[in-house]
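Reader: I've got the coordinates open and I'd like to learn how to read a few features. Can you walk me through them?

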Amino acid sequence: MARRALKLASLAAATSGIYLYGNRFLDPNDFGVVRVGRAIATTAVISYDYLTSLRSVPYGSEEYDSLKSQIKELFLSFEDTPLGAASLAQVHKAVLQDGRTVAVKIQHPKVQAQSSKDILLMEVLLLVVKQIFPDFEFMWLVEEAKKNLPLELDFLNEGRNAEKVAHMLRNFDFLKVPRIYWELSTRRVLLMEFMEGGQVNDRAYMERNGIDVNEISRNLGKLYSEMIFVNGFVHCDPHPGNVLVKKCPASGKAHIILLDHGLYQVLSESFRMDYCRLWQALIKADMKRVQKYSRRLGAGDLYPLFACMLTARSWESVNRGIDRSPVSASEDVEIRSNAAAYLPQITQLLNNVPRQMLLLLKTNDLLRGIESALHTRASASSFLNMSRCCIRAVSTYQRSKSRSLYRRVQISLTEGLSLWQINLYELFLWLKGSRLGNWVIALLSWMHHSTY
């Protein structure tokens with residue numbers, strides 16, 4: 001959300017000729033550095049001062065040629081055309097002298113210096129809007145931008161996040177996180193293992209490569225349920241360009257490749273427990289607990305709207321049980337029309353909930369977009385995975401707070417029983433949907449009728 005707001009602010013300012021990185025308007029003096037000096041900028045892996053000094057080097061000069069030759073010492077090859085570009089950085093494919101293929105993420109020129117000006121501009125614009133419309137309650141966007149943008153601009157922080165999440169989710173053999181080459185990285189340039197694949201929302205790519213769409217959707221749900229409910233350390237930018245899929249030629253297994261680790265949300269223990277219990281209540285359609293934990297998360301009397309925003313389902317579906325039926329076209333239309341009608345209440349709600357919730361709402365929306373593209377939205381397996389993680393998280397928390405051995409054993413037994421029930425229900429759903437299951441049901445039905 002903070003990034004979107006920055007782009008809006010950038011767009012408004014760009015009309016007056018101000019240089020803003022979000023829209024990639026470049027002043028003529030920077031053009032040579034950006035166009036020709038991208039490769040040279042990667043030598044900032046040697047030192048930050050080296051990068052800074054390049055801006056004063058005239059293109060085509062003897063000094064420029066000298067610096068360019070140093071590129072050849074570092075890289076065997078370097079592709080000038082970026083693999084991907086965003087408002088903060090762009091990524092190039094390169095080969096090191098030792099033969100390793102790497103991805104080189106380079107921060108756009110002037111981003112560091114311009115970012116504080118952009119945030120100030122956004123703050124001024126929002127204050128002006130608030131003066132015109134007193135009910136406007138989006139000043140929290142500035143707070144989020146001030147907190148998150150400096151972290152995204154520090155590529156060393158991104159590298160640390162990548163290593164942390166790779167270690168945290170090491171038991172998921174389908175997850176791949178690029179290795180960071182620390183000896184060649186700085187705050188503005190990040191070198192990492194090169195990984196490629198199709199975008200996670202590209203159903204046609206998966207079908208061409210024999211990748212099970214349902215398996216990918218299920219595994220993606222496992223990843224994010226584990227991050228949100230169990231660990232409280234959440235990758236908050238799962239747009240399709242940052243989540244790739246690829247079938248391993250050796251094992252035949254489909255891998256999920258998680259990229260761009262600049263934006264993470266760390267959840268406090270109290271918030272995470274309330275969020276776990278709220279989702280448990282939503283899955284069970286326990287409206288009393290939905291109300292209780294929604295209020296604890298700042299929703300107040302707007303808890304029905306909050307439940308609908310979290311699940312992207314109608315209030316009727318929430319009451320009936322969000323795992324009971326998939327989203328229909330008519331329900332989607334209803335949700336979109338209600339979003340416009342309830343905009344003031346949505347604004348109020350976003351202003352009241354804990355700041356930790358904001359990036360989670362964004363993450364939920366991106367994940368739902370992927371599920372919609374893959375036609376796997378609201379599948380029973382996704383809710384079962386969430387339930388497992390919620391049960392484990394709450395049980396771990398309860399054990400940590402209990403001093404009684406008997407109580408800890410009791411909690412563990414209850415946890416085991418609950419997980420066993422979910423496994424049994426998942427087996428039932430699999431049998432119900434499989435040919436073997438249909439054959440077993442038909443056989444049992446035949447035996448029942450034969451008996452009578």
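Author: Let's start with Leu120, which is exposed, at a relative accessible area of 52%. Buried means under 20% relative accessible area, exposed over 50%, and partly exposed in between (1.4 Å probe, protein chains only). Before we go on: this is a predicted model, where local features need pLDDT of at least 70, side-chain atom pairs count only at pLDDT 80 or more, and totals for chains, interfaces and linings use all residues. Residues are numbered from 1 along each chain as its sequence is written, and side-chain values use heavy atoms, with hydrogens and water left out.

Reader: Where is Leu120 placed, and which residues form a nonpolar patch with Leu120?

Author: Leu120 sits in helix α6 (residues 111–132). Helices (H or I, at least four residues) and strands (E, at least two) are DSSP runs, numbered from the N terminus. A patch takes residues with over 30% relative accessible area and no salt bridge, joining nonpolar side chains (Val, Leu, Ile, Met, Phe, Trp, Tyr) within 5 Å and like charges within 9 Å. Here Leu120, Val124, Val128, Ile132 and Phe133 make up a nonpolar surface patch, together showing about 490 Å² of accessible area. Areas come from the Shrake-Rupley method with a 1.4 Å probe, and for residues only the protein chains shown count as cover.

Reader: And His255, buried or exposed?

Author: His255 is buried, with a relative accessible area of 15%. It lies in strand β10 (residues 254–258). Contact means heavy atoms within 4.5 Å. Setting aside neighbours within four places in sequence, His255 touches Asp173, Phe174, Lys176, Leu244, Val245, Lys246 and Cys248.

Reader: How many salt bridges are there?

Author: The rule is a side-chain nitrogen of Lys or Arg within 4 Å of a carboxyl oxygen of Asp or Glu. That gives a count of 17. One of them joins Arg392 and Glu226, with the closest N and O atoms 2.8 Å apart. This pair links distant parts of the chain, 166 residues apart: Arg392 is in helix α18 (residues 380–401) and Glu226 in helix α10 (residues 213–231). Arg392 is partly exposed at 28%, while Glu226 is buried at 12%.

Reader: What about Arg368 and Asp365?

Author: Their side chains meet in a salt bridge, 3.4 Å from N to O. Both lie in helix α17 (residues 355–374), three residues apart, about one turn of the helix. Arg368 is buried at 12%, and Asp365 is partly exposed at 46%.

Reader: Which residues are linked in a network of salt bridges?

Author: Look at Lys105, Glu158 and Asp260, which are linked that way.
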